[in-house]
Amino acid sequence: MLPIRRDLKFKLPADKMRCWNPRGVHVSHFFNTLSIFFPSGERFFIDSVRNYRERITDPELQKAVTAFIGQEAMHGREHIEYNNALVASGMPADAMERLVIRLLNTAKKILPKADQLAVTIALEHFTAILADILLREPKLLEGSEPRFAALWRWHALEETEHKAVAYDVYQAVIGKGAVAYVRRCVALAALTVIFWGLVIPFHLEIMRREGGLFDFRGWWQLIKFQWISPGGLRRIIPAYFDYYRPGFHPWQHDNRRFLVELDALAQTYRAAA
Ligand SMILES: [Fe+2]
Ligand SMILES: [Fe+2]
């Protein structure tokens, strides 16, 4: 699986920021909250893979790494625009992003490079399983404003396309033994706590600014959306735990059938268009 860098532009309609998903403002802002993490997160992924670039001997993996970096850079660029629109709509996404950047910079300072790569593959697992449910369950974006839906779908498709790249780098340079196994599992366990420990308060603060903090119907809509029907978060739980198996590899879950959509999407949203 060789990923391809695609230069697409989505030009999101900023005035739809709070209601682009028909399931309501709580759901729209849940996705918007996730967007806050991407630009700095993806920069961290790029750097942690780059740290080991010279040590990769397999020419195919070398090519995949170049494409991985290109894809994450494009995602970062589009999510910066997304987040700018979120700030323009009155949400403190910039302050929240600064906090994420501070955390990631600290991680870069105190963690050995091997752990930084372990953090990357753990978060890539997270994005891969979120991407998979987004692709498998059309109801998650059904009826959404088309440009927002296309951006999320594009990101999900490319996360799928490159889901094993950082993992393969990890196996090539850190290995497949017990130490490498424990390192990547500890990273995912810790990041699960840290990630939701940031997403939940960020989302709450955005909903407070939105005036929806005590809108219990809205919260119920979100809980239903996440855990009951379509229940995206509930349905990723088994895939989440697969990572803790010693012989895990991202392509054991083969969902490449979705990737056929990429060409049509790329034609519609090509940057020059
Ligand atoms: Fe990405
Ligand atoms: Fe990624």
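Helix 8 gives the nonpolar patch its largest share, four residues. This is a predicted model: local features need pLDDT of at least 70, side-chain atom pairs count only at pLDDT 80 or more, and totals for chains, interfaces and linings use all residues. Residues are numbered from 1 along each chain as written, chains are lettered from A and ligands numbered from 1 in written order, and side-chain values use heavy atoms, without hydrogens and water.

Helices are DSSP runs (H or I, at least four residues), numbered from the N terminus.

Back to the patch. W220, I223, W227, I228, I237 and F241 make about 600 Å² of nonpolar surface. Patch residues have over 30% relative accessible area and no salt bridge, and nonpolar side chains (Val, Leu, Ile, Met, Phe, Trp, Tyr) are joined within 5 Å. Areas come from the Shrake-Rupley method with a 1.4 Å probe. Helix 8 (216-228) and helix 10 (237-242) each give two or more residues. I237 lies in helix 10.

Next, a helix pair. The axes of helix 4 (residues 113-136) and helix 6 (residues 165-173) come within 9 Å. They cross at roughly 145°. Axes are lines fitted to C-alpha atoms over the stretch in contact, with angles from 0 to 180 degrees between N-to-C directions.

Last, salt bridges: a Lys or Arg side-chain nitrogen within 4 Å of an Asp or Glu carboxyl oxygen. How many does the structure hold? There are 19. One joins E60 and K63, with the closest N and O atoms 3.3 Å apart. The two sit three residues apart in helix 2 (residues 59-88), so about one helical turn separates them.

Technical notes. Patches are made of residues with over 30% relative accessible area and no salt bridge: like charges are joined within 9 Å, nonpolar side chains (Val, Leu, Ile, Met, Phe, Trp, Tyr) within 5 Å.
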